[in-house]
Amino acid sequence: MGKRKYHDKDAALKAVVEDGYALQFVSRDLQNDNDVVLAAVTQTGDALRYASDECQNNKKIVMQAVSSYGLALAFASDRLKNDNDVVQAAYDSNPDAVEFAGEKLVDKRLKAKKEAESASEDSLNK
């Protein structure tokens, strides 16, 4: 594939459909193109690492990426790392993806877990 930059959308689409990692060789404009990025992450979710910040903040694109490669959650925006649907899809694909979940979501789940454990202990002590 080489290290040439793809500036033509049709050529970029053809390249990323064949190999999602080709997204690293497309122009910045095309790394920000929803169609090109979606095609790349459909081929390999890990291609999300080469997408623009805007595309890493696009729920449809990120859901596609994490559904096939949960660890792509590492490249999602902070907003989407705190989105229940996105984190659940990532976890379903690879439970280790929870490592990349946002602090707000993790804190919220830990708090709920602690409250449930506390309620359970209270019921046992009665």
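1. Helices here are DSSP runs of H or I with at least four residues, numbered from the N terminus. On that numbering, S77 sits in the loop between α5 and α6, the latter spanning residues 78-81. The model is a predicted one.

2. Although a loop residue, S77 has a relative accessible area of 15% and is therefore buried, the cut-off being under 20%. Its side chain makes a polar contact of 2.6 Å with the side chain of N57. Leaving aside neighbours within four places in sequence, S77 is in contact with Q56 and N57.

3. The largest nonpolar core has 33 residues. Within this core, L23, L48 and V66 have the most contacts. Helices α1 (9-18), α3 (34-43), α5 (59-68) and α7 each supply at least two of the core residues. The helix that gives the most is α3, with five residues. As a general point, nonpolar side chains tend to be buried together in soluble globular proteins.

4. Once neighbours within four places in sequence are set aside, V66 is in contact with A72, L73, V86, A89, A90 and S93.

5. Helix α7 covers residues 84-93, and its residues V86, V87, A89 and A90 are buried. These four lie on the same side of α7, because they cover an arc of only 160 degrees around the axis.

6. At the start of α7, a side-chain oxygen of D83 comes to within 2.9 Å of the backbone nitrogen of D85.

Definitions and conventions
Residues are numbered from 1 along each chain as its sequence is written. This is a predicted model: local features need pLDDT of at least 70, side-chain atom pairs count only at pLDDT 80 or more; totals for chains, interfaces and linings use all residues. Side-chain values use heavy atoms; hydrogens and water are left out. Buried means under 20% relative accessible area, exposed over 50%, partly exposed in between (1.4 Å probe, protein chains only). The arc is that of the directions from the helix axis to the C-beta atoms. A polar contact is a pair of N or O atoms within 3.5 Å; within protein, one must be able to donate a hydrogen and the other to accept it, and residues adjacent in sequence count only if both atoms are side-chain atoms. A nonpolar core is a set of buried Ala, Val, Leu, Ile, Met, Phe, Trp, Tyr and Cys residues joined through side-chain atoms within 4.5 Å. Contact means heavy atoms within 4.5 Å.
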